[in-house]
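Welcome! Keep the picture open as you read.

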Amino acid sequence: MTLTELAEKWLCESRGLIGGQTEELYRKFLAQSVIPYFGNSVGALSAQGIEAFEDSLRERGLSENTAAVQERIVRHLAGYGASLGLCEKPGRRQSPGTPSRKRETVILSPGQEARLAEYLVTHPDGGHLCLYLMLTLGLSIGEALELQWQDVSLPGASIRIKTIRGTASRPKRTVRTMALDRRQTMYLGKLAGEPLEYLCSGKLKPVTRASLGDRFRKIVRSLDLPSMPPTALRHTWAMRRIEEGMDYETLSKQLGVDNTGLFRNFYRNLADDTQKERLEREHAAARKVRTPGKTRTPSEPDPQIENIQSKIELRRRQLQQTLDNLEGDLQIIRALRNSDGVQGQAREGLYRLVETLLGPDDKDGRYLVEYLRCNMRVASMPTRTSGTATVQTIRRRVARGFEKLCRRFEELDLRNRKD
């Protein structure tokens, strides 16, 4: 098996565990760097070969993130090949112990910003349009890539920005509207397309972050600008607004983020001393406006907390009453189970009777039967019945099962009397 075939098999089996854009990035690095280096040979994925490949990445002067991604690809691929018996399992690379250098945040000067904006406007293109909106509206790269022409209102000179934050299981979607100036409106008018098409591509599918990042790096090199990621455009826009006198709270709303403290901690380290003092004064004044009147000292009681504590205490007493009632019910069950007439085979008959009366699908009834079978010891109950339930939960279910059993007996008794 060649290295190309192994990589294709690995990517197919990893589908669903990695995203579509990540898979596209992996394919790009495999085709351009990994497979040519190892000569398309699976046997070359030895521990020495992998370490030599990692050293070559450093010698080529790649960024730390790019080198780390390629190292991860090679080690995952070697591990997958080792699981198939095609190569040896890669060992853990010993760290030299030197801490990685954090990339500094790049803020473009007004002259550099004007030069970049002029280039993007004079070369109208979907990708350049996204970069221009990031530079002039402070959009993130994800927001810019998700823009569709139905979000643009050229007559109203406005644009809707869709933001998705949170986790994959609980995403938080927000929409904000931003005004467009004359130059932005003219640029959008040049490339206007169909409503469902994306601004960045002019198609029904957006371009990837990786391809837009590659294009931006080529533009940066051609204009002799400092090396920086596309997020530097958003930071540059934010710093220009701070220099114009915008406060933290307004800035966070413009950028579509609710956490004002995040911007306070991040951007105050980039501002000069004069701007920092002004921002801190405005931040302190805004906090006083949001909390008017006398501030509560820690020693003073909080009525809201006292109300919550009283509810918790009431719930605790109700639970204790339920458990006390349960103890009385269990005494009846214990007396029934340990009576002289219910022994041996008759005891199993009692269990089958309970199951028949409550039905096989009644979960509370199953808890009751297993509780009786295990000599009324919760710790002895099988995990297939109790699962990860707590002792209190099990006892409550047993009590409900007993109550259902009593009601069932009453129904049968009433029916016999009628007959």
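## Exercise 1: A glycine in a loop

Solution. Start with the location: G202 lies in the loop between helix 8 and helix 9. Keep in mind that this is a predicted model. Finally, compare sequence with space: G202 and L191 are 11 residues apart in sequence, and their C-alpha atoms are 8.3 Å apart.

## Exercise 2: The two sides of helix 8

Task: which residues of helix 8 are buried, and which are exposed on the other side?

Solution. First, list the buried residues of helix 8: Q184, T185, Y187 and L188. These cover an arc of only 160° around the axis, so they sit on the same side of helix 8. Then turn to the other side of helix 8, where R182 and K190 are exposed. Last, go to the start of helix 8: there, a side-chain oxygen of D181 comes to within 3.3 Å of the backbone nitrogen of R183.

## Exercise 3: Helix 5 beside helix 8

Task: describe how the axes of helix 5 and helix 8 are arranged.

Solution. Two packed helices are described by the angle between their axes and the distance between the axes. Here the axes of helix 5 and helix 8 come within 11 Å and cross at roughly 30°. Angles under 35 degrees count as roughly parallel, so helix 5 and helix 8 are roughly parallel to each other. To see the contact itself, find E118, L120 and V121 on helix 5 and R183, Y187 and K190 on helix 8.

## Exercise 4: Into the core

Task: find which members of the largest nonpolar core touch the most other members.

Solution. The largest nonpolar core has 39 residues, and L116, L139 and I159 touch the most other members. Helix 6 gives the most to this core, with 8 residues. Now zoom in on L116: leaving aside neighbours within four places in sequence, L116 is in contact with L108, L135, F216, I219, L223, L225 and L233. A second, separate core has 24 residues, among them W10 and F38.

## Exercise 5: A positive phi

Task: where is D224, and is D224 buried or exposed?

Solution. D224 is in the loop between helix 9 and helix 10. With a relative accessible area of 67%, D224 is exposed. Its phi is near 60°, a positive value in a residue other than glycine.

How values were computed: Residues numbered from 1 in each chain as written. Predicted model: local features only at pLDDT ≥ 70, side-chain atom pairs only at ≥ 80, totals over all residues. Heavy atoms only, no water. Core = buried A, V, L, I, M, F, W, Y, C linked by side-chain atoms within 4.5 Å. Buried < 20%, exposed > 50% of the residue type's maximum accessible area, 1.4 Å probe, protein only. Helix = DSSP H or I, 4+ residues; strand = E, 2+ residues; numbered from the N terminus. Contact = heavy atoms within 4.5 Å. Arc of directions from axis to C-beta. Polar contact = N/O pair within 3.5 Å; in protein donor to acceptor, adjacent residues only side chain to side chain. Axes fitted to C-alpha atoms, helices over the stretch in contact; angles between N-to-C directions. Parallel < 35°, antiparallel > 145°, perpendicular 65-115°, else oblique.
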